[in-house]
Amino acid sequence: MRYLQGQEGEADITAARGLEAAGESGRGLVEFFENFRSQEVFSDARRFPYFRSHPLSSQRIEALRRPVESASNYDRTDSPERMAQHALIRAKIEAFMNPPTQTLRTYLDNDTSFPARYARAIAWYRDGQTQRALDATDALIGEDDDNPFLWELKGQILFEEGRPEEAIAAHRRSVELLPGAPLLRINLAHALIETNDPTQLDDAVEHLKLATAREPDNTLAWRLLSQAYSSQGKEGEARLASAEFYFAAGGQEQATQFALRARDLLPRGSIEWRRAMDIVLASGATMDDINDLDRRQERQRGTVIAPPGA
């Protein structure tokens, strides 16, 4: 426990220094710990699980308070704009995480603030009140047309209502407003694929390739990319995307199996072929193993492959 407390103390001081370097006050960090000071008197069985692995004590809080209060940015406060952003983020999280009934009790109808109306729109959508949610979202967009996440919400409502064709325009607008966000591109690609219109697949693939370039561990993007390639009849690329899906999900054996299948279908030496080889080698296989496999496959086809360099 003493070792853990020392480690946590070092982390606290690092956080305080980071806030100061960023021009932010560390006051909130100390206040957060103050809210949980009572945890130190509880037995392990009664403490929040977080504080069992991250021990809290009065000494730890006081050790943090000193450098925070002496920092030059201690009295700095957040701007009204940042506080408004925080309120909006909090409303979104609560509305998606809590049951709709709880959200509607928290954000009552007489609260006409933007975050409250945002939370209620999400609650109505999750409660199946689709048209009411759409009307509320459209009203919010009318006040903040350049907010990509409002357009994302509208697209999500339409998509999950089984209206992917209508969702496309909303998702495309969200991507236009925030092109660097992989999630928004994945949403758009998903809607394009679900239209079952072959002419939309190239667009979907392009968005998914951009998304996976930024988030190579996004399993949903790889699954959708495999689906899109398969619909296009590009079986090698589809199997490679499946290999990437399992590789990102930690399924090494399945990733290797799909990568081997992809390798046999892709043009030898292509970027995709090389990536399939990377996945196979990442499983622990050696080039000798792969060459042995190639020779066995060739013998099964009735020919013998020459060894490398022959």
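Mentor: Before we start, contact here means heavy atoms within 4.5 Å. And keep in mind that this is a predicted model.

Trainee: Got it. So which residues does Tyr 118 touch, leaving out those up to four places away in sequence?

Mentor: Leu 88, Lys 92, Leu 140, Phe 149, Leu 150 and Leu 153. Tyr 118 is also one of the residues that touch the most other members in the largest nonpolar core, along with Ile 193, Leu 208 and Leu 225. That core has 47 residues.

Trainee: Which helix gives the most to this core?

Mentor: Helix H7, residues 114–126, with eight residues. Apart from that core there's another, of 13 residues, including Leu 240 and Phe 258.

Trainee: How much space lies in the largest pocket?

Mentor: About 330 Å³. It has 14 lining residues, and Lys 209, Trp 222, Leu 225, Leu 240 and Glu 272 lie nearest its centre.

Trainee: Which helices each supply at least two residues of that lining?

Mentor: H12, H13, H14 and H16. H14 has the largest share, four residues.

Trainee: How does the lining of the largest pocket divide by class?

Mentor: Eight nonpolar, one polar and five charged.

Notes. Residues numbered from 1 in each chain as written. Predicted model: local features only at pLDDT ≥ 70, side-chain atom pairs only at ≥ 80, totals over all residues. Heavy atoms only, no water. 1 Å grid on protein atoms, 1.4 Å probe; cavity = no way out; pocket = protein on both sides within 12 Å on 5 of 7 lines; lining within 4 Å. Points joined across faces, edges and corners; volume = space filled by probe spheres on them. Nonpolar A, V, L, I, M, F, W, Y, C, P; charged D, E, K, R; others polar. Core = buried A, V, L, I, M, F, W, Y, C linked by side-chain atoms within 4.5 Å. Buried < 20%, exposed > 50% of the residue type's maximum accessible area, 1.4 Å probe, protein only.
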